[in-house]
Amino acid sequence: MRANREPVTAVETHSARPWISARFRAGSEPVLPPTDLELPTGQRTPAYRFFEALPATISFTAVGLVFILPFVDAMLGAVYVLAIVGLMFVRAMLGAVDVARGFLRYRRSARVDWAARLTDLERAMDGRPSLAHPRGGFRAADHAALVAQVSAGPRSIMRPSTLLHAVVVAAYNEPYPVIADTIRTLLHTSTKPEQLLVFFAHEERGGPAMAETARRLEAEYGHRFGAFVLVEHPAGLPDEIAGKGANITFAGHRLAEWVRDQAIDPRRVIVTSLDCDNIPHESYFDCVAYEYAIAPDRERLSFQPISLYITNIWDVPAPSRVVASANCFWNLTTTVRRLALRNFASHAQPLTALVEMGFWSKRTIVEDGHQYWRSWFHFDGDYRVVPIHVPIFQDAVQAGTFKATMVAQFKQLSRWSYGASDVPYVGVRVFAPAARSPFWPGVLRFFSLLEGHVSLASISIIIAIGGWIPFVVATQTGQATSLVERMPMTVGIIQQIGMIGLIVSIVVFNSLLPPRPIHVPRERRLTMWLQWLLYPLTLLVFNSSTALYSQWCLLTGRYRERFDVTEKMAGGVPR
């Protein structure tokens, strides 16, 4: 902010300028990110290489022990497998409970009139009573207590009507209809369009067609928002990997310039990053504004909605539906597990925090998950993610043919599983002698991160084959005991009991499904149930293989420096 000017509120800004349209292209970035937050390039230090190799070393060892231990001692091999299967059974049961809890919170939160609750806060700040509206619902008692608190101390929160939402929409080469769907949905949320600042971040690499799409979007929708700014990310900028992180970071710097030039207090700007096919829930922005306004430590928070991959779920092949469902389950689960909650896909963060840390990383293909660690270390561990219990709807993977869809699905999961590259990033900082972040919370998060990637890579394989290997080896070597002989049956029984957890998840998923489109035959409803027979095989083929592949790349130093854009479909037409 300019020191000689008083910041103006969002209302003042928009009353003077009903809409602003601008274009930014190449230009110098006003602030460079702190060097100690960025991922390394080129030669790694020995310590960094150690942590890079750690996930693959543990994952391959965990799978290898299934084959090695029975030759050492058949009983030892059986106990090893049973311990892992038993642990996964417990986790599956807990996961089913948390999926149900996450779903119930989503349903209750989605029914809340968050705009009305923001009005309650505004009126309490002005010493006026709340307007009449339904008082029940999600965390109603907490809201009533908060209104009373604000009435007693109006300065305890930030005035909601002064908040602006900057929406950075990232695009590469997607056609106009795909992006226009997302832009239109922004006009129909419960938040006034005048409070939305849309920064359309498109790639120069997208070519003339992308540039024309951007101009068309500006002409048709630009005047309907508080601002609509086109930001073309130049190709070939130094010190970055061509991908979403570099694109939205370039747009973020332009956003910071725009806010400064308009004399808007940056503390009143909340930034949400969206892919160009994302559909925010109608109350998403109001829910974020509510959580931001009432938080005393708001500048050290980020806000994570639920990513639900169901927009086109009726049209995609069964394996993609199963993968999408697993992602939905995980995102619902993490909203009720505060220690497990991380930045993922679309999320929101204050502009002030983003400016301090240089926005997102420009050197990774998984900028969303990496943003958690970037923020954690920037704020020396004084950072947390607030769950937003309403969704941002996204597409499941769908390409032109079944084969193309499977290839695209593998590429998407390979990109996500490359989040294992955060293990060395976190490890060298947590265990550094001069670390500024708190040690034990950092250690806990490091091992949680490491365990998550190792489990993703190895557990499905161990469960699939672990019951048979000790039995076969013991039979051939004469070490068979009653426990070893019953191994296949024992593991099978545990898996069958574990199906209870899967059944809970299936019921939740079917409750999430949108109405069947008219072009989809009624028989698809049956396949929506039969698809779950593919669940174990799909997790084995996609999750384990992509995770092992990504960890192998890190182990061998074959770093992934290319962002594979997932092809989208709309109504059977490539998007």
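In this predicted model, the side chains of E52 and R49 meet in a salt bridge, with 2.5 Å from N to O. Because E52 and R49 are three residues apart in helix α2, about one helical turn separates them.

**Salt bridges**

The structure holds 23 salt bridges, and side chains of opposite charge can pair in this way when their charged atoms come close.

| Pair | N to O distance |
|---|---|
| E52 and R49 | 2.5 Å |
| R215 and E212 | 3.1 Å |
| R374 and E38 | 3.8 Å |

R374 forms its salt bridge with E38, and because R374 lies in helix α12 (residues 367–378) while E38 lies in the loop between β1 (21–24) and α2, the pair ties together parts that are 336 residues apart in sequence. R374 is buried, with a relative accessible area of 0%, and E38 also counts as buried, at 9% relative accessibility.

R215 and E212, by contrast, both lie in helix α7 (residues 207–221), where they are three residues apart, about one turn of the helix. R215 is partly exposed, with a relative accessible area of 37%, and E212 is likewise partly exposed, with a relative accessible area of 42%. Elsewhere, E122, D126, R128 and R159 are linked in a network of salt bridges.

Helix α8 (residues 244–261) has 18 residues and reaches 26 Å from its first C-alpha to its last, which is close to the 26 Å expected at 1.5 Å a residue. This helix is mostly covered, with 16 of its 18 residues buried, and just after α8 comes A263, which takes a positive phi of about 55 degrees.

In helix α16 (residues 469–477), the residues I469, P470, V473 and A474 are buried. Because these four cover an arc of only 120 degrees around the axis, they lie on the same side of α16. The buried residues of α16 pack against α2 (46–72), α3 (74–110), α15 (439–465), α17 (482–485) and α18 (487–512). Just after α16, G478 takes a positive phi of about 75 degrees.

**S511 in α18**

S511 has its place in helix α18 and, at 31% relative accessibility, counts as partly exposed. Leaving aside neighbours within four places in sequence, S511 is in contact with F103 and R107.

Technical notes
Residues are numbered from 1 along each chain as its sequence is written. This is a predicted model: local features need pLDDT of at least 70, side-chain atom pairs count only at pLDDT 80 or more; totals for chains, interfaces and linings use all residues. Side-chain values use heavy atoms; hydrogens and water are left out. Helices (H or I, at least four residues) and strands (E, at least two) are DSSP runs, numbered from the N terminus. The expected span of a helix is 1.5 Å times one less than its number of residues. Buried means under 20% relative accessible area, exposed over 50%, partly exposed in between (1.4 Å probe, protein chains only). The arc is that of the directions from the helix axis to the C-beta atoms. Contact means heavy atoms within 4.5 Å. A salt bridge is a side-chain nitrogen of Lys or Arg within 4 Å of a carboxyl oxygen of Asp or Glu.
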